[in-house]
Amino acid sequence: MANELDEMTGPVNEAGRDINVIEKQIPVKVGVGSTIFQILLWVFGIIPGVIFLFVKISAGKKLSQLQQKVQQAASQVDNYLEQRVIILQNAAKLVEKGIDFDKSTFTEIARLRAGGAQSFSETNAAMEDVQKKINVALENYPDLKAHQELADAMQQNSYTQREITAAREHYNDVVAEWNKAIFEWPAKQIVAAKRGYTTRIPFSVSKEVKQKAREVFF
């Protein structure tokens, strides 16, 4: 029997294919079969029906706990984003001491601290813009690079960005766990459908960030 997917004969997309996160929440639904299944359990006796009732209660508790786990993972990303805002704010102040720094930078940082951005992607994009302005200042004023406090701040910024990436990966893992759990038939899927649960959307980056990732930086 031939391989269903044969890398030697194709078909092959010579132009390649990019990937995107689909911004769509899929509601959990159950069919008539699930209703018949539950009815049959009671038909066969009170004990099977009562047992499955407790199974659904347990499934409901697990889904509620998992929902809180998703919230915690999202909050962890926010914590690291806030840390990065503070670090860049301190770095910007240090740069300002050495030069007449762009005042709009501080306005943007203040907006970030006030929660003006609407999503993880927008917050990070705004912080990248602040860091870019700081980097430009460092290139134009090489003496600033010798400032130890500024060097420490930029090192902390680099470390925090790695933590943000790790937190996002953890968030995506928990979202994947949720999206899998709500479709586990019978108990969890039945409970999820009754409660009106939907799939959750994992982290994604903006079109601008994807475009920048293809640019040559050096």
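Author: Welcome! Buried means under 20% relative accessible area, exposed over 50%, and partly exposed anything in between (1.4 Å probe, protein chains only). This is a predicted model, where local features need pLDDT of at least 70, side-chain atom pairs count only at pLDDT 80 or more, and totals for chains, interfaces and linings use all residues. Residues are numbered from 1 along each chain as its sequence is written, and side-chain values use heavy atoms, leaving out hydrogens and water.

Reader: Is Ser34 buried or exposed?

Author: Ser34 sits in helix H1, residues 32-43 (helices are DSSP runs of H or I, at least four residues, numbered from the N terminus). Its relative accessible area is 7%, so Ser34 is buried.

Reader: Which residues is Ser34 in contact with, leaving aside neighbours within four places in sequence?

Author: Contact means heavy atoms within 4.5 Å. With those neighbours set aside, the partners of Ser34 are Trp185 and Ile190.

Reader: And is Phe44 buried or exposed?

Author: Phe44 lies in the loop between H1 and helix H2 (46-98). Because its relative accessible area is 66%, Phe44 is exposed.

Reader: What does Tyr171 contact, beyond neighbours within four places in sequence?

Author: Tyr171 is among the residues with the most contacts inside the core. Its partners, with those neighbours left aside, are Val70, Ala73, Ala74, Val77, Ile201, Pro202 and Phe203.

Note on methods
Helix = DSSP H or I, 4+ residues; strand = E, 2+ residues; numbered from the N terminus. Core = buried A, V, L, I, M, F, W, Y, C linked by side-chain atoms within 4.5 Å.
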